Amino acid sequence: MMSPHDVMDADSINALSSFVLSRGSRGSMENAVPPSEGVTLTILAGGFAAIVWFLVSEYKFLKEKQEDMTGALGNKKDFTWLDLIDYRLDYFFSTSEWAKVILLFGLSYVLVVVGAALLVIGDSEDYGTISEAAWTSWTYVVDPGAQADAPSDFIPRTVSLVVTLGGLLVFALLIGIVGESIGEKIEDLKTGKSRVFENDHTLMLNWNDKSLAVIQQIALANESEGGGVMVVLSQLDKEEMEERLESAINAKENPLDLMGTEVVFRQGNPILENELKKVSANTARAVIALTPPDFDSDEADANMLRQVLALKALDNDFGSDGERHVVVELQDVDNKELIKMVAPDFAEVIVNHDMIGRLMLQCARTPELAYVLDSMMGFEGSEFYFDTWPELYGKTFKEITVRFDEAIPVGFRSEDGEVRVNPSDNDVYKEGEEILVLAEDDDSYEPNDGTYPLTAGECPDGAETCPVPYDATRPPERVLFCGWRRDMSDLISQLDEFVPPGSELWLMNQIPANMRAERLLDGGNKPRLKLQNLTMKNVVGNHIIRRDLKRIWDTDAEGKYTGEKITLDEFDSILILSDETAMKGGEKGSTSSDSRSLAATLIIQDMMDQMWKVKQKKFAATPELVKEPCVPVSEILDTRTKSLLSVANCKGYVLSNQIVSSVMAQVAEEKDINVVLTELFSSDGSETYIRDVEKFVCLDTDDEMSFWDVALRARQYREVAVGYKPAELDYVDAEDLIVNPPNKSVPRRWKKGDKIVTFSLED
């Protein structure tokens, strides 16, 4: 049985159609309906019927919903029909992106159909056909001024008024929908939701305190090619990342220079496959995956593992060609093998805490080394490059030492990818191998004619080895660590490898002595320390408070004084570590940590200077008994603190984030550079040293010698000379000389105080 609400069935529509056709055919001799009228009527009636069918279906659905809810509530009806309609509309508008368009189209269609029908039924002489009535109704909908031309009869004017008012409503909805759609599109563009179409670009995932430094280094690497494209994907707001970059570019001091490189930002989660596709990760030449901020070390490394797996899932062939690779930043060296296990073919791991720890240990013993490594790590000066030179096939490494006027040969890379840093003199350069050099750019050097003599490196009387006698015996050292890091156990183990037997390590921080053994175990994640060369001493105190620095007394595990004490000026090396809370604090944490490091450096330097002056007066008759105080080395996270250090005359510092960023950028450009840098920072391979020139040159007997002559002498000790510093210049002024100096073949007179920078297997 038909429901009273089913008002528009097939019979009703046919009756209406017959009536309209009979009215529309008035004036025709044979009451024939033109074909165009049939098409118009079919379109109008069919569309109107579809709308009515939809409304009836929705009514039935809501009726059933009302009965179900009423039954579930025990015949207690606490809602109205309006509530049900609101619920249904909310469903449509939230689940369909076309709901607004369909609503607009439906209202317009109903207005046109109803208006046309009323105009024809109104028996007006001005509307002879349904097509004409439909067109007039449409003009009322889209043009409010069209009603002025309506016939003077009551029905046409009433219809025109009603349809025009409906048209104004439709127009208002149209403006709202269009405006909202444009606004949503602009918002999508602002938030970086559109896809990136790039190839052979560098992709950086996540944003942290190293990001700006990485961007600068990649821009420097792209400078020789006229620029490039770098894409950044992070969960940080796109506008905020753009503002940070713009602020760095417009900075008054050390502004960031993109040098033609375009930086494209996108907002999204880097561990999601669809987000990686959005930034064309599968066509990037290299991916730099930074540790997300505000994560603890274990959580950050777990996130990096998932990041590598996401890249692998994106493209199973990623990295298989040997060209594309991902540089992964980790916090804990223990997790390095996990990354290499899941992605041995394309993942290059940089453990920033481990790298900076080793770097600080080297710089603590030779503070000036920080200048050398800072110059060597970035793209501003000379950096590492591999290249093939067929004309040098068959030459030994000793012969190749003097074959590049604008580069420093460092080693070889074999066909299977093995890198040999500082090889033996007789190691022959074979076909298919590449030469590793330090050069200003990959196209800035080429072999010379090979006429420079090797006599400076030859041994007299045909001897096979002939190093100049040089006493390199090192006495035990005393080292002070100020502060605490989570990876303190790794740092102590590394120091134990560097120092001679009988050395002492004094730990000064605010952690109670009875808790330190447990902290060194890191909750069972680290093995118990087995030191060979070091003896540890525990000092409880704050290294930015003078009275604590005056009382450097050793305490036992119970916190009791053991009777051993020492003053600051007696240490051979002092390291001021960044506060471990800064590792989680982002930029604010970095600034806070740097403020503490700067304060500690100034206080320690001042106290040591005062102690030195007192001892100079006390031992005026025997000044050789007074040891000059060491230079404290502090870890600096924020590169903006560098200018404050120079103002405060702080000479010993390591820009940890800057160096890690430079290393990651170099490895992104050439992944095998990771092997080279790992060896230079390790105690097992060739490390970087600053030697007295007397080790290679006899100042009393040797006449003028060129840098190449000194380099050949250094080969007698299995060392690679990479630069020098004249005694009359400091390291800042000698920036162009300490790594890959010019005029290598020009003789100069060496003098006491000159320094030679080398890579050496032994201290």
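Predicted model: local features only at pLDDT ≥ 70, side-chain atom pairs only at ≥ 80, totals over all residues.

User: What makes the contact of lysine 615 with aspartate 569 a salt bridge?

Analyst: A salt bridge is defined by a side-chain nitrogen of Lys or Arg within 4 Å of a carboxyl oxygen of Asp or Glu. The closest N and O atoms of lysine 615 and aspartate 569 are 2.7 Å apart, so the pair meets that definition. Lysine 615 belongs to helix H18 (residues 586–618), while aspartate 569 sits in the loop between strand S15 (561–566) and strand S16 (573–576), so the pair ties together parts that are 46 residues apart in sequence. Helices (H or I, at least four residues) and strands (E, at least two) are DSSP runs, numbered from the N terminus.

User: Why is aspartate 569 called buried, and why is lysine 615 called partly exposed?

Analyst: Buried means under 20% relative accessible area, exposed over 50%, and partly exposed in between, with a 1.4 Å probe and protein chains only. Aspartate 569, at 6%, therefore counts as buried, and lysine 615, at 30%, counts as partly exposed.

User: What can be said of glutamate 694 and lysine 752?

Analyst: They form a salt bridge whose closest N and O atoms are 3.5 Å apart. Glutamate 694 is in the loop between strand S19 (687–692) and H22, and lysine 752 in the loop between S20 and S21, so the pair ties together parts that are 58 residues apart in sequence. Glutamate 694 is partly exposed at 27%, whereas lysine 752, at 66%, is exposed.

User: How many salt bridges does the structure hold, and which residues are linked in a network?

Analyst: The structure holds 34 salt bridges. Asp332, Asp334, Arg486, Asp490 and Lys526 are linked in a network of them.

User: How do H12 and H20 cross, and which residues meet there?

Analyst: The axes of H12 and helix H20 (residues 656–669) come within 10 Å and cross at roughly 115°; such axes are lines fitted to C-alpha atoms, for helices over the stretch in contact, and angles run from 0 to 180 degrees between N-to-C directions. In H12, Asn352, Met355, Ile356 and Leu359 meet Ser656, Ile659, Val660 and Val663 of H20, where contact means heavy atoms within 4.5 Å. By class, this contact of H12 with H20 has 6 nonpolar, 2 polar and no charged residues. Ala, Val, Leu, Ile, Met, Phe, Trp, Tyr, Cys and Pro count as nonpolar, Asp, Glu, Lys and Arg as charged, and the others, Gly among them, as polar.

User: Why is strand S8 described as mostly covered, and which strands pair with S8?

Analyst: In S8 (residues 407–413), 7 of its 7 residues are buried. Two strands pair if DSSP finds at least two bridges between them. S8 and strand S10 (residues 434–439) are antiparallel over 6 bridges, and 3 bridges join S8 to strand S9 (residues 419–421), also in the antiparallel sense. Glycine 411 stands opposite leucine 436 in S10 and opposite valine 421 in S9.

User: What makes the phi of arginine 718 worth noting?

Analyst: Most residues other than glycine have a negative phi. Arginine 718 has a positive phi of about 60° although it is not a glycine, and this residue is found in the loop between helix H22 (707–715) and strand S20 (719–725).

Terms used:
Residues numbered from 1 in each chain as written. Heavy atoms only, no water.
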